[in-house]
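Hi everyone, thanks for making time for this one.

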Amino acid sequence: MPNPSSQQPLVSVIVPIYNAKDHIARCVESIRRQTYRNLQILLLNDGSQDVSLEVCRMFAQVDGRITLINKENSGVSATRNLGMRAARGAYLQFVDADDTLQPYATELLVQRARDSGADMVIAHYNRVEPPREHERARAPRRVEDADPGFDPRTRVQTFGFLMEGPLTKAEFAYGLMQEPASFYYGVMWNKLYRAEIVRAHPDVVCSEELDYSEDFYFNLSFIRYAERFYALSTPIYNYVQNPQSLVHNLNPMKVLTTRWELSAYYKDLYRQLGLYEENRIRLNKYFFGVAET
């Protein structure tokens, strides 16, 4: 049973939005129906050319927790950075406009963060693959296994690497090195962040120069200053496969170039932790790794 919102620390949920007319209503509704009620929901419209802005305006009229920021298109990194500057919460949470949260997501993340004193909570997630037109209907999954907004024929796979429990920085860094090219460690949407670390360190931002893995840059920067981590094995996020999304249309050469640029941040982090020499070979293998999509 969730605590009254007056006793809950404020969580700022940051949602960058660009031409998301087919998904944005389902996304925002999944945030609004969180069992955790004390939310600042930041909807940042990044110059959408469809009806996304109008949909967001309607939501802002019916839910006082929503703040709508309408801006010219500048990309997802600049949009997330703007959201972090506008955030007032004790914790930061990120959601992409074509995905959804499980109803208990924020409550579980905050509960683990408070109980363990973690600066970052990382959680398992669901990869959701909507049915293709030519596929025949299959038996529906159990209601509790899938988001009610999805077709019952949807394929759902759960991803995650760490077992449930608290982690030191060195333990978290060792786990990261086992799967350095994974979405699990690289993305921002399966995590909860202590906001004061972001506010205290101007270099903890999304890189506006990178076309790919800008969220991985943020995570590597955040890890430098975080001391305590917690791994949550319950999947809290539904990552919806969208063939039109940027991650499905990447130039392979750009991916390789970006990984090369990120290597410097990896090396600095692992040298700082005294773990570089023992992980040097694995770090080099990262350039040839394949992330889940």
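A disulfide here is a pair of cysteine sulfur atoms within 2.5 Å. With that rule, the count for this model, which is a predicted one, is zero disulfides. Take Cys-27 as an example. Its closest cysteine sulfur belongs to Cys-56, and because the two sulfurs are 8.8 Å apart, that is too far for a bond. Cys-27 is buried, at 0% relative accessibility. Cys-206 is buried as well, with a relative accessible area of 1%.

Now for the overall picture. The chain has 293 residues, and 54% of them are buried. Its secondary structure consists of 10 helices and 12 strands. If you take contacts between residues at least 6 apart in sequence, 82% of them join residues at least 24 apart.

Let's go to the sheets. A quick reminder: strands of a sheet pair through backbone hydrogen bonds, in either the parallel or the antiparallel sense.

If you want a residue pair to click on, Val-121 sits opposite Leu-192 of strand 10.

There is also an open sheet of four strands, ordered 5-12-7-8, again with mixed pairing. Which strands stand at its edges? Those are strand 5, at 100-101, and strand 8, at 155-159; each has a single partner strand, so one side of each is left without a neighbour in the sheet.

We can walk across this sheet pair by pair. Strand 5 and strand 12 pair antiparallel over two bridges, and Thr-100 stands opposite Asn-238 in strand 12. Strand 7, residues 125-129, and strand 8 are antiparallel, with five bridges between them. There, Tyr-125 has Phe-159 in strand 8 as its bridge partner.

In a regular strand, side chains alternate between the two faces of the sheet. So what about strand 12, residues 237-240: are its faces covered or open? Both are covered, with Tyr-237 and Tyr-239 buried on one side, and Asn-238 and Val-240 buried on the other.

On to the helices. Two packed helices are described by the angle between their axes and the distance between those axes.

For helix 1, residues 24-32, and helix 2, residues 52-62, the axes come within 10 Å and cross at roughly 25 degrees. Because of that angle, helix 1 counts as roughly parallel to helix 2. The crossing is right-handed. On the helix 1 side, the contact involves Ile-24, Ala-25, Val-28, Glu-29 and Arg-32, and on the helix 2 side Val-55, Cys-56, Phe-59 and Val-62.

How do helix 3 and helix 8 cross? Their axes also come within 10 Å, at an angle of roughly 40 degrees, which means that helix 3 is oblique to helix 8. Val-76, Ser-77, Arg-80 and Met-84 of helix 3 meet Glu-214, Asp-215 and Phe-218 of helix 8.

Is Arg-199 buried or partly exposed? Its relative accessible area is 45%, so Arg-199 counts as partly exposed. Along the chain, Arg-199 and Arg-85 are 114 residues apart, yet their C-alpha atoms are separated by 8.2 Å. Setting aside neighbours within four places in sequence, Arg-199 is in contact with Ala-87, Arg-88 and Gly-89.

That's my tour, so over to you for questions.

Conventions: Residues numbered from 1 in each chain as written. Predicted model: local features only at pLDDT ≥ 70, side-chain atom pairs only at ≥ 80, totals over all residues. Heavy atoms only, no water. Buried < 20%, exposed > 50% of the residue type's maximum accessible area, 1.4 Å probe, protein only. Pairing = 2+ DSSP bridges. Axes fitted to C-alpha atoms, helices over the stretch in contact; angles between N-to-C directions. Parallel < 35°, antiparallel > 145°, perpendicular 65-115°, else oblique. Left-handed = near helix turned anticlockwise from the far one by under 90°. Contact = heavy atoms within 4.5 Å.
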